Every structure is written in structure tokens, then in C-alpha cells.
Amino acid sequence: MRDIPATPDRISATVEGDIEAIDKVLRITRMRVSYKLAVPPDKREAAERAVARHPAGCPAYNTVRGCIDVDIQAAITEAP
């Protein structure tokens with residue numbers, strides 16, 4: 001990710017979803033993805049750009065877009 005370390009201690013994600021009965025069929029209707037990123041101070045802007053562009057290059061997002069509302073957020077902290 002843009003020369004930003006992406007080790008498990010620096011990146012994590014929590015995903016939540018809503019399931020609703022539509023025409024008596026259960027469907028996932030909404031998903032919320034919350035990333036926690038710890039990046040070097042000089043990489044914050046690059047990380048923000050990567051998060052903003054993430055949906056366009058994400059196979060999972062592109063598979064469900066238009067079918068499931070997806071909200072992607074990121075909490076970015078600076079760490080050496």
C-alpha cells in the first residue's frame with residue numbers, strides 16, 4: 001500500500017452488516033467497514049489517498065456495489 005507498512009500490528013478492519021427480510025428473503029443490505037491504520041508520520045497523506053481510492057480497486061466492493069450499501073471509514077494514527 002503505497003510503500004506503507006501493512007503488517008497485522010499496523011492495519012486491522014472491523015466489518016458489520018445489516019440483514020433484512022426483503023420479500024421474505026434474508027439479504028445483507030448494508031455493510032460498514034472500519035479500518036484502523038498506524039502509519040509513519042510522512043505517509044499519512046498517502047494513506048488517506050489510498051483509503052479514498054480503495055473501493056475502486058477492491059474486488060469485494062466491486063462485486064457487491066449496487067446491491068449492498070457499503071460505508072468505508074478509516075481511523076489513521078501516526079506511529080514510527
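Two strands count as paired if DSSP finds at least two bridges between them, and the helices (H or I, at least four residues) and strands (E, at least two) that I will name are DSSP runs, numbered from the N terminus. What we have here is a predicted model, in which local features need pLDDT of at least 70 and side-chain atom pairs count only at pLDDT 80 or more, while totals for chains, interfaces and linings use all residues. Residues are numbered from 1 along each chain as its sequence is written, and side-chain values use heavy atoms, with hydrogens and water left out.

Let me start with the sheet, which is open and has 3 strands in the order E1-E2-E3, with mixed pairing. Strand E1 (11-22) and strand E3 (69-78) are at the edges with a single partner strand each, so one side of each has no neighbour in the sheet. From one strand to the next, the twist averages 15°, with axes taken as lines fitted to C-alpha atoms, for helices over the stretch in contact, and angles running from 0 to 180 degrees between N-to-C directions.

E1 pairs with strand E2 (residues 25-39) in the antiparallel sense over 12 bridges, and Glu16 stands opposite Arg32 in E2. Helix H1 (residues 44-57) packs on the sheet, where it touches E2 and E3, and its direction makes about 170° with that of E3; contact here means heavy atoms within 4.5 Å.

Finally, look at Tyr35, which lies in strand E2. Leaving aside residues up to four places away in sequence, Tyr35 touches several residues, including Ser12, His54 and Gln73. Tyr35 and Gln73 are 38 residues apart in sequence, yet 6.2 Å apart in space, C-alpha to C-alpha. With His54, the side chain of Tyr35 makes a polar contact to the side chain at 3.1 Å, the term meaning a pair of N or O atoms within 3.5 Å, where within protein one must be able to donate a hydrogen and the other to accept it, and residues adjacent in sequence count only if both atoms are side-chain atoms.
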